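This report describes the structural features of the model shown below.

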Amino acid sequence: AGGGAVAQVSAADLLDQFLASRGYVIAREISGAGPNLPAGAVGRGGFGIVYRARKNGFEVALKMAEKVVGAERVVEAEIGVLQMLEHPSLVRFFEAFSHPPKQWL
């Protein structure tokens with residue numbers, strides 16, 4: 001008896017739910033900036049994808065580091081450098097957090 005269909009939750013939906021819990025909203029209205037990039041993505045780097053997002057009314061760049069296993073020191077060094085930088089042509093470092101297996105800048 002009973003047993004309706006179980007709704008499948010996409011990876012993008014899970015990502016959006018987790019980021020919303022931290023106050024972030026990815027700009028999904030923006031098409032991916034290139035082939036194989038999800039909506040809201042503005043680029044891909046050596047460690048992962050950079051998204052255009054908003055938090056508390058501010059536009060932010062949100063970097064999702066996907067390939068961190070074994071490279072934690074490199075990510076920590078990048079965080080350290082970003083914390084020291086202050087220039088009008090660079091995005092300001094806001095925070096870093098992780099939600100295994102992902103890390104975010």
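Lys63 has a relative accessibility of 18% and counts as buried, a class that requires under 20% relative accessible area, whereas exposed requires over 50% and partly exposed lies in between (1.4 Å probe, protein chains only). The model is predicted: local features need pLDDT of at least 70 and side-chain atom pairs pLDDT 80 or more, while totals for chains, interfaces and linings use all residues. Residues are numbered from 1 along each chain as its sequence is written, and side-chain values use heavy atoms, without hydrogens and water.

Lys63 is the partner of Glu78 in a salt bridge, defined as a side-chain nitrogen of Lys or Arg within 4 Å of a carboxyl oxygen of Asp or Glu. Because Glu78 lies in helix α2 and Lys63 in strand β4, the pair ties together parts 15 residues apart in sequence. Glu78 itself is partly exposed, at 24%.

The structure holds six salt bridges, including the following.

| Salt bridge | Closest N and O atoms |
|---|---|
| Glu78 and Lys63 | 2.8 Å |
| Arg52 and Glu59 | 2.2 Å |
| Arg54 and Glu29 | 3.4 Å |

Arg54 is partly exposed at 37% relative accessibility, and Glu29 is exposed at 60%. Salt bridges with shared partners also join Arg22, Lys55 and Glu95 into one network.

The chain contains two helices and six strands, taken as DSSP runs (H or I, at least four residues; E, at least two) numbered from the N terminus. Their order along the sequence is α-β-β-β-β-α-β-β.

Of the 105 residues, 29% are buried.

On the surface, Val81, Met84, Leu85 and Leu90 form a nonpolar patch, for which residues need over 30% relative accessible area and no salt bridge, with nonpolar side chains (Val, Leu, Ile, Met, Phe, Trp, Tyr) joined within 5 Å. Leu85 is partly exposed at 41% and sits in the loop between α2 (72-84) and β5 (97-99).

Conventions:
Patch = residues over 30% accessible without salt bridge, like charges linked within 9 Å, V, L, I, M, F, W, Y side chains within 5 Å. Areas by Shrake-Rupley, 256 points an atom, 1.4 Å probe, with all protein chains shown as cover.
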